[in-house]
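Please look over the sequence and the model shown here before reading on.

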Amino acid sequence: MTVSVREQPFEPYAVLAAYEKQRFPLAGTFGASASFIGTMRDLNEGDAVTQMTLEHYPGMTERHLEAICADASARWPLLDTLIIHRVGLLVPGDPIVLVAAWSAHRAEAFTACRHIMEDLKSRAPFWKKETTAQGERWVSRNTSGVARDAGTGE
Amino acid sequence: MVNVNGDTAISVKLFAGLAEARGWRERRIAHQPGMTVADVWRSQTGDVALPPRVLCAVNMDYCAAETPVQPGDEIGFFPPVTGGTA
């Protein structure tokens with residue numbers, strides 16, 4: 001399991017290829033890998049977005065990304081998981097997040113990759129601020145996240 | 001818990017829009033016996049009750065507003081999270 005929060009832009013396909021080669025040096029040790037890349041769009045809620053700043057809670061972010069990977073690995077027979085997430089200033093086209101899961105068979109890799117991404121959206125402490133022609137605005141979420149009064153959310 | 005400096009203060013952190021709206025990101029305050037996370041919010045925001053949409057964490061774990069605060073704890077308050085991508 002590897003998680004990384006990065007201030008600088010990254011090339012997800014190159015990072016993924018290098019990571020996989022380093023993590024699985026022996027040929028044939030996994031049968032399936034699924035990956036997801038989220039990219040910043042130039043439009044949100046009908047407005048052109050020129051840039052975005054991603055803030056996070058250093059320390060808490062890494063702890064929760066690791067917990068998300070650990071939860072997925074406890075639920076499905078995975079060989080490895082990877083999350084890379086940007087913070088700082090992003091422009092349209094910049095990769096925001098890379099999630100990948102490796103397993104023996106396709107079903108676990110697909111399912112875990114999707115699950116990790118959904119879990120990340122609701123649990124990991126990141127916040128987005130967009131710049132539009134009208135100025136800056138924080139992105140609010142309408143889907144249910146971690147409910148404060150539900151306790152830990154872990 | 002008392003940290004290595006013998007400091008019994010607690011650390012209070014605000015993030016994102018909460019920090020911008022209030023003009024500060026981190027404070028150290030004295031621990032009061034019996035205080036909860038909601039008490040910390042009230043003491044730093046002029047007795048305003050903790051809004052339902054504000055999330056909180058003790059030592060980087062999500063918590064309920066009624067969670068007791070111990071000396072040396074780090075308390076974080078923040079809006080609903082918006083990581084990942086649409």
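**Aromatic pairs and the chain contact**

In this predicted model, a search of the whole structure finds 10 aromatic pairs over all chains. One of these joins A:Tyr19 and A:Trp102, whose rings are tilted at 40 degrees between the planes and lie 5.6 Å centre to centre. The points below begin with the ring pairs, then turn to the interface and to individual residues.

**Ring pairs within and between chains**

- A:Tyr19 belongs to helix α1 (residues 12–23) of chain A and A:Trp102 to strand β7 (residues 95–103) of chain A, so their pairing ties together parts that are 83 residues apart in sequence.
- A:Tyr19 is buried, at a relative accessible area of 10%, and A:Trp102 is likewise buried, at a relative accessible area of 0%.
- In chain B, the rings of B:Trp41 and B:Phe77 make an edge-to-face pair, because their planes stand at 65 degrees, over the 60 that this class requires, and their centres are 5.0 Å apart.
- B:Trp41 sits in helix α2 (residues 37–44) of chain B and B:Phe77 in strand β5 of chain B, so this pair ties together parts that are 36 residues apart in sequence.
- B:Trp41 counts as buried at 1% relative accessibility, and B:Phe77 is also buried, with a relative accessible area of 1%.
- Ring pairs also link residues of both chains into a cluster that is made up of A:Tyr57, A:Trp127, B:Phe15, B:Tyr62 and B:Phe78.

**The interface of chain B and chain A**

- The contact draws 33 residues from chain B and 35 residues from chain A.
- The size of an interface is often given as the accessible area lost when the parts come together; for chain B and chain A the buried area is about 2700 Å², with 54% of it on carbon and sulfur atoms.
- Across this interface there are 3 salt bridges, including the one between B:Arg25 and A:Glu55, in which the closest N and O atoms are 2.8 Å apart.
- Between chain B and chain A, 16 residue pairs are in polar contact, counting pairs with both residues at pLDDT 80 or more.
- On the side of chain B that touches chain A, at least two residues each come from α1 (16–22), β3 (55–58), β4 (61–62) and β5 (74–78) of chain B.
- The residues of that side of chain B divide into 19 nonpolar, 7 polar and 7 charged.

**A residue of chain B against chain A**

- B:Thr85 is placed in the segment after β5 of chain B, and B:Thr85 is buried, with a relative accessible area of 13%.
- Setting aside residues up to four places away in sequence, B:Thr85 touches A:Phe36, A:Gly38, A:Thr39, A:Ile96, A:Val97, A:Met117, A:Lys121 and A:Lys128.

**Two partly exposed residues of chain A**

- A:Pro92 is found in the loop between β6 (88–90) and β7 of chain A, and A:Pro92 counts as partly exposed at 32% relative accessibility.
- The C-alpha atoms of A:Pro92 and A:Arg41 are separated by 5.1 Å, although the two residues are 51 residues apart along the chain.
- A:Pro92 touches A:Met40, A:Arg41, A:Asp42, A:Val49 and A:Thr50, not counting residues up to four places away in sequence.
- A:Ser140 lies in the segment after β9 (135–138) of chain A, and A:Ser140 is partly exposed, with a relative accessible area of 45%.
- Between the C-alpha atoms of A:Ser140 and A:Lys129, which are 11 residues apart along the chain, the separation is 9.2 Å.

How values were computed. Residues are numbered from 1 along each chain as its sequence is written. Chains are lettered from A and ligands numbered from 1 in the order in which they are written. This is a predicted model: local features need pLDDT of at least 70, side-chain atom pairs count only at pLDDT 80 or more; totals for chains, interfaces and linings use all residues. Side-chain values use heavy atoms; hydrogens and water are left out. Contact means heavy atoms within 4.5 Å. Buried area is the accessible area (1.4 Å probe) that two parts lose on being put together, summed over both. A salt bridge is a side-chain nitrogen of Lys or Arg within 4 Å of a carboxyl oxygen of Asp or Glu. A polar contact is a pair of N or O atoms within 3.5 Å; within protein, one must be able to donate a hydrogen and the other to accept it, and residues adjacent in sequence count only if both atoms are side-chain atoms. Helices (H or I, at least four residues) and strands (E, at least two) are DSSP runs, numbered from the N terminus. Ala, Val, Leu, Ile, Met, Phe, Trp, Tyr, Cys and Pro count as nonpolar, Asp, Glu, Lys and Arg as charged, and the others, Gly among them, as polar. Rings of Phe, Tyr and Trp (its six-membered ring) pair if their centres lie within 6.5 Å; planes under 30 degrees apart count as stacked, over 60 as edge-to-face and the rest as tilted. Buried means under 20% relative accessible area, exposed over 50%, partly exposed in between (1.4 Å probe, protein chains only).
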